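Dear colleague,

Please find below the structure that I am handing over to you, together with its sequence. My notes on it follow directly after.

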Amino acid sequence: MKITIYGSGYVGLVSGACLAEVGNEVLCMDVDEAKINKLKNGEIPIYEPGLETMVKENHAAGRLNFTTDAKEACEHGLFQFIAVGTPPDEDGSADLQYVLAVAKSIAENMQEYRVIIDKSTVPVGTADKVKDVIKETLRERSKDLEFDVVSNPEFLKEGAALDDFMKPDRIVIGTDNPRTAELLKALYAPFNRSYERVIAMDIRSAELTKYAANAMLATKISFMNELANLAEKVGADIENVRHGIGSDSRIGYSFIYPGCGYGGSCFPKDVKALERSAKDHGYHAELLTAVENVNARQKHRLFEKIINHYNNDIKGKVFALWGLSFKPNTDDMRDAPSRVLLEALIDAGATVYAYDPEALQEAERIYGNKSGLTLCESPADAVKLADALVVVTEWKQFRSPDFQQLSLQLVDKVIFDGRNMYDPELLQHSGIKYYAIGRSNKLAVSVSVE
Ligand SMILES: NC(=O)c1ccc[n+]([C@@H]2O[C@H](COP(=O)([O-])OP(=O)(O)OC[C@H]3O[C@@H](n4cnc5c(N)ncnc54)[C@H](O)[C@@H]3O)[C@@H](O)[C@H]2O)c1
C-alpha cells in the first residue's frame, strides 16, 4: 500500500519504518529540511533502539523514502498520516497549528480520494476541525473531492517503540465511515495476525481514548509518588508497600514505581491538555489537576533532599548526575526531571557533571555551554571530582555500580537516588549515606556516613 506520513519525529519515523518493514511503500514528509537531508543520508536524528537498522534497510530496499515536498507527499499515498507535534499552548491546551497546517497542505494538493489519518495526540473535536479545513480549502480551489478523516491515536512508548508498533496491545480506529474502517483494518492486518487488535469506534471516543490512557498512567505515577512522600513521613518503606499492593491483581505491578516525577513529550502535555479540554467544556477535572501538581512537586524532591542534607548550602559542591533522558532507552529530554534538578543545583551555586548513555547530544543542544554544567563521556568521568552522586534515570548500566569504589571517590560519600535502584543495606555496608524516594524506614535512616 502507498502511505504518506507527515512528521518524521518519534512517532512518524517509527510508524514509517514499521509500515515499510511489512512491505508498504512509505514516504515520510517533514518541513524540517535538515532532518530530511539527514534521513536521506542514512543518519537517524533520534535514538530509538532498533530504529537505525530498520530505517536504513527499508530505505535501501526503496520502501521508505523522505521528502520536504508537500505536493509529492500528497500525490504518493492513499493513506495520509498526520504525525506532527501537538505541544502545549500557553493555556495548556494542545496547539493544533501543525496538525491543521498539514490538513491544509493535503487539501491544497489533493487530486483524488484520500484517507487522512490523525496519529498525533489531539483533543476531542480535532477531526472535525481537520475536516473543516480540508472542506474550506477544497472549496477555495473549487474542487469537489471525496475524503475521509480517521482518528488513529498512537500508543507506542519511546524506548520500546518498534516493538510496540509491530506488536501493539490495541489499534484504535475512530471513524464514522464503515468502508474506511475496512481500509484501515487491511492496512493494519500485518500487525494483527495473532489476534484481533483493532478496536473500531466513533471518532470522538478514539480521540479521548488516547488522553484517557496517558492520564491513567500519569495518575498511577503521581499516586505512588504521593504515597512515597507519606511513607517518608510515617516511617514506612514505599518499596514494601509497592510489593504489597502490586500483588493484588486488580492493581498489578506495572507502572507503580515511585520516583522523581514523570516527564517526556507525552504525559505532562497530555494531562494538561485533557484538563484544559475539560475546562473548555465547563468541567473541572480535579483529579487531573492533582496529578499534575503532585508531579510538579515530585520533580523537586531530589533537590529538597540534597539541600536538606547540606543544611541549605550547596555553593561550591560538585554533583555527579547519572541520567538525563526522561526515561531509559531514549535520548528524549522533553520535560525530563533531570532538567529541573540540574538547573536548581546550578542556580544554588553547585556544579554538575552529568552523564547519560544516549542524551548527551540532546543535552548539548538544550544547554550549549551552560556554566556549571559539564557533560561527561562515562559514569566514571562524572563521579571523578564529585562530592555526591545523584541518579535520575534508571538506565540498566546504573543498576549495579561498584559501591566500594564510589565510597572512595565521592568526597561526601552520599548518593541521592531518584529511582530507588539500590539496596539500602548494601550501601550501608559500603559506608555511603543513601537517600531514596519514600524509603525513610528504620533501615534507610540508619544508613550512616561513618
Ligand atoms: N513521542 C511519543 O512517545 C508519542 C507517543 C504517542 C503519541 N505521540 C504524539 O504524536 C505526535 C508527534 O509526537 P513526536 O514525539 O513524534 O513529535 P516530534 O516533535 O518528535 O516530531 C514532530 C515532527 O513533525 C514535524 N512537522 C511539524 N510541522 C510539520 C508539517 N506541517 N508537515 C510535516 N512535518 C511537520 C516536525 O518538524 C517534527 O520533525 C504528538 O501529538 C505526540 O503527542 C507521541
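**Findings**

Asn311 is found in the loop between helix H13 (301–309) and strand E9 (318–322). Its phi is positive, at about 50 degrees, although Asn311 is not a glycine. Most residues other than glycine have a negative phi. With a relative accessible area of 67%, above the 50% cut-off, Asn311 is therefore classed as exposed.

Please note that this is a predicted model. The chain has a mean pLDDT of 96, and 98% of its residues reach 70 or more. Over residues 442–450, however, the pLDDT is below 50, although this stretch has 21 contacts in the model beyond near neighbours in sequence.

**The ligand and its surroundings**

The ligand is surrounded by 26 residues, and the closest are Asp30, Lys35, Thr86, Glu158 and Lys269.

A polar side-chain atom of Lys35 lies 2.7 Å from a ligand oxygen. For Val11, a polar backbone atom is 2.8 Å from an oxygen atom of the ligand. For Thr121, a polar backbone atom is 2.9 Å from an oxygen atom of the ligand. On its own the ligand has 840 Å² of accessible area, of which the protein covers 88%. Helix H1 (10–21) and helix H5 (97–109) are the elements that give two or more residues to the shell.

Where in the fold does Lys35 sit? The residue belongs to helix H2 (residues 33–40). Its relative accessibility is 21%, which lies between the limits of 20% and 50%, so Lys35 counts as partly exposed. Leaving aside neighbours within four places in sequence, Lys35 is in contact with Ser8, Gly9, Asp30 and Pro45. Asp30 is also listed among the closest residues to the ligand.

**The H6–E6 loop and strand E6**

The loop between H6 and E6 holds Ser142, and Leu145 lies in the loop between helix H6 (126–140) and strand E6 (147–151). Ser142 has a positive phi of about 55 degrees although it is not a glycine. At 67% relative accessibility, over the 50% limit, Ser142 counts as exposed.

Which residues does Leu145 touch, not counting residues up to four places away in sequence? They are Met110, Gln111, Glu112 and Leu138. One of these, Gln111, is 34 residues from Leu145 in sequence, and the two are 7.5 Å apart in space, C-alpha to C-alpha.

Strand E6 contains Asp148. Is Asp148 buried or exposed? Its relative accessibility is 9%, under the 20% limit, so Asp148 counts as buried. The side chain of Asp148 makes a polar contact of 3.2 Å with the side chain of Asn177. Not counting residues up to four places away in sequence, Asp148 touches Tyr113, Arg114, Val115, Ile116, Asn177, Arg179 and Thr180.

With kind regards

Methods. Residues numbered from 1 in each chain as written. Predicted model: local features only at pLDDT ≥ 70, side-chain atom pairs only at ≥ 80, totals over all residues. Heavy atoms only, no water. Helix = DSSP H or I, 4+ residues; strand = E, 2+ residues; numbered from the N terminus. Contact = heavy atoms within 4.5 Å. Near = heavy atom within 4 Å. Polar contact = N/O pair within 3.5 Å; in protein donor to acceptor, adjacent residues only side chain to side chain. Areas by Shrake-Rupley, 256 points an atom, 1.4 Å probe, with all protein chains shown as cover. Buried < 20%, exposed > 50% of the residue type's maximum accessible area, 1.4 Å probe, protein only. pLDDT = per-residue confidence, 0-100.
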